[in-house]
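User: Could you walk me through how to read a few features of this structure? I would like the general idea each time, then the case at hand.

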Amino acid sequence: MHSVLRNPMRGIALKVSSVVVFLAMQTFIKLAGPDIPPGQVTFCRSFFALFPIMAYLAYIGQLSAAFHTANPVGHLKRGTIGILSMAFGFYGLLHLPLPEAIALGYALPLVAVVFAAVFLGETVRIYRWSAVLVGIVGVAIVSWPKLTLLRDGGMEAEQALGALCVLLSAVLGGMAMIQVRRLVEEEKTATIVLYFSLTASVFSLASLPFGWLVLPWPSALYLVAAGFCGGVAQILLTESYRHADVSTIAPFEYTSILLGGIVGYFVFGDVPTVTMLIGTVIIVAAGIFIIYREHQLGIEQREARKATTPQA
């Protein structure tokens, strides 16, 4: 990785490919069935992701180096928080329409801005705070119709609990992102990716005594495919950052809402509601504005460094 921006179009293509494969992962998890314990889903997602990840690291000659870490405690923290985020997110995914689960998951970048200010001491100016508040309004619009069903029984209450779990997953995901930000200061990307899948596999396996199901073979195959897709998507995402700046490719994350709506309609019969569409537009607009501001601040900081660097 000798140059930062080798091929932006390739980076965009890899990013979109990762979105498609992550969506395939989510689709396989939903197809597996709504009654599977989140710990069992999380184990399959993490364990079977190891196979493409380790094959990829071996292919690029980084497998042995990836096992070397200077911060095992940091990986343990990241793994603990990440596994909880995944488990809550998968519960929500199994009990919500696919487009709504994706839309509520977009709360993660909003939470990350808040946590970066609180835990990392990053300066967050009025523009980004305003975008966060607007995004929270969008999240409320999407989630409120579900949350009002919490008092009802049956499937309605399960959907309300699913919405709460996705939002909790976003909060935990924001905490995991802060831990990753700390890890990247001293650890290689390959090490972070590998140790997360390893720790997630071990931790989720600990949920086995709490009631895993003996799955019919179609459900088992769906979960194996979900894990494999998760690993491939992580590789594609990592590779996308080798070819393009984060601010260039990050907005393409939001193609998942369009693709998710199509898959949700044709595979699961999910019809988006008006409130869901309005809330999603608000959340996406807020997220893209935050990305834009991050990009602008990056340019300003680079220009400031140039202005203060003595010239030879």
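**Reading the model**

Analyst: The UniProt annotation "domain: EamA", from an unreviewed entry, covers residues 10–143 and 161–291; UniProt positions are given in the numbering used here, feature names are shortened, and annotations may be inferred rather than shown by experiment. This is a predicted model, in which local features need pLDDT of at least 70 and side-chain atom pairs count only at pLDDT 80 or more, while totals for chains, interfaces and linings use all residues. Residues are numbered from 1 along each chain as its sequence is written, and side-chain values use heavy atoms, with hydrogens and water left out.

User: What is the helix and strand content over residues 10–143?

Analyst: Helices (H or I, at least four residues) and strands (E, at least two) are DSSP runs, numbered from the N terminus. Over residues 10–143 the chain is 82% helix and 0% strand, with the end C-alpha atoms 35 Å apart.

User: How many aromatic pairs are there?

Analyst: Rings of Phe, Tyr and Trp (its six-membered ring) pair if their centres lie within 6.5 Å; planes under 30 degrees apart count as stacked, over 60 as edge-to-face and the rest as tilted. By this rule there are ten aromatic pairs. In one of them, phenylalanine 28 and tyrosine 222 have ring centres 6.1 Å apart and planes at 25°, so the pair is stacked. Phenylalanine 28 belongs to helix α1 (residues 8–32) and tyrosine 222 to helix α11 (residues 217–243), so the pair ties together parts 194 residues apart in sequence.

User: Why is the pair of phenylalanine 43 and tryptophan 212 called tilted?

Analyst: The planes of phenylalanine 43 and tryptophan 212 are at 45°, with ring centres 5.4 Å apart, so this pair is tilted. Phe43, Phe47, Phe48, Phe51 and Trp212 form one aromatic cluster.

User: Is glutamine 179 buried or exposed?

Analyst: Buried means under 20% relative accessible area, exposed over 50%, and partly exposed in between (1.4 Å probe, protein chains only). Glutamine 179 has a relative accessible area of 9%, so this residue is buried. Glutamine 179 lies in helix α9 (residues 154–183). Leaving aside neighbours within four places in sequence, glutamine 179 is in contact (heavy atoms within 4.5 Å) with Gly74, Lys77 and Arg78.

User: Which ring does arginine 78 lie over?

Analyst: A charge sits over a ring if NZ of Lys or CZ of Arg is within 6 Å of the ring centre and within 35 degrees of the ring normal. Arginine 78 lies over the face of phenylalanine 196, at 3.9 Å from the ring centre.
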